[in-house]
Amino acid sequence: LGPTRAKRMDPLASALASGVSFALHNDAPVTPLNPLFTLWVASKRQTRDGHILGPQERISVSRALRGYTIDAAYQG
C-alpha cells in the first residue's frame with residue numbers, strides 16, 4: 001500500500017464527518033475475535049511498531065463502541 005495510502009485505511013473520522021454510518025467487526029477466522037482490541041485500534045490507530053497511522057482518522061472510544069454494537073446491529 002505504501003505510507004500515503006495506508007494512512008487512509010478505514011477512514012472512520014472522515015465517515016463520521018460526512019454522515020456515513022459504519023460497523024466495526026472482526027473478520028474471523030482471518031483475524032482473532034477480540035472486540036476490545038478492535039475498539040482500541042479504532043481509537044488509537046497505532047501500528048505494531050508504535051507508529052500512529054493516520055491520526056486524523058481516530059475516533060473516540062465511545063464512538064468505536066457504538067460502531068461495534070448498536071450501529072453494527074442496525075446494519076446487520
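These legends accompany several close-up views of one predicted model. Because the model is predicted, local features need pLDDT of at least 70 and side-chain atom pairs count only at pLDDT 80 or more, while totals for chains, interfaces and linings use all residues. Residues are numbered from 1 along each chain as its sequence is written, and side-chain values use heavy atoms, with hydrogens and water left out.

**View A. The largest nonpolar core.** This core has nine residues: L12, A13, A15, F22, L24, L39, A42, I59 and A64. A nonpolar core here is a set of buried Ala, Val, Leu, Ile, Met, Phe, Trp, Tyr and Cys residues joined through side-chain atoms within 4.5 Å. Buried means under 20% relative accessible area, exposed over 50%, and partly exposed in between (1.4 Å probe, protein chains only). Helices α2 (12-17) and α3 (35-44) each supply at least two residues of this core, and the largest share, three residues, comes from α2. Helices are DSSP runs (H or I, at least four residues), numbered from the N terminus. Take a look at L39 too: leaving aside its neighbours within four places in sequence, L39 is in contact (heavy atoms within 4.5 Å) with L24, A64, L65 and Y68.

View B. A search of the whole structure finds one aromatic pair. F37 and W40 form this stacked pair, 5.9 Å centre to centre with 20 degrees between the planes. Rings of Phe, Tyr and Trp (its six-membered ring) pair if their centres lie within 6.5 Å; planes under 30 degrees apart count as stacked, over 60 as edge-to-face and the rest as tilted. The two residues are three apart in helix α3, so about one helical turn separates F37 and W40. F37 is partly exposed at 47% relative accessible area, and W40 is partly exposed at 34%. Together with V41, these residues form a nonpolar patch on the surface, with about 270 Å² of accessible area. V41 also lies in helix α3 and is partly exposed, at 32%. Patch residues have over 30% relative accessible area and no salt bridge, with nonpolar side chains (Val, Leu, Ile, Met, Phe, Trp, Tyr) joined within 5 Å and like charges within 9 Å. Accessible areas come from the Shrake-Rupley method with a 1.4 Å probe, and for residues only the protein chains shown count as cover.

**View C. Salt bridges.** The count comes to three salt bridges, each a side-chain nitrogen of Lys or Arg within 4 Å of a carboxyl oxygen of Asp or Glu. E57 pairs with R8, the closest N and O atoms being 2.9 Å apart. This pair links distant parts of the chain, 49 residues apart: E57 is in the loop between α3 and α4, and R8 in the loop between α1 and α2. E57 is buried at 1% relative accessibility, whereas R8 is partly exposed at 44%. R63 forms a salt bridge with D71 at 2.9 Å between the closest N and O atoms, and R66 meets D71 at 3.1 Å, N to O. Shared partners join R63, R66 and D71 into one network.

**View D. Backbone details in the loops.** The peptide bond from A28 to P29 is cis, with omega near 5 degrees, and P29 is found in the loop between α2 and α3. D10 is not a glycine, yet it has a positive phi of about 50 degrees. R45, also not a glycine, has a positive phi of about 55 degrees. D10 is exposed at 54% relative accessible area, whereas R45 is buried at 8%.
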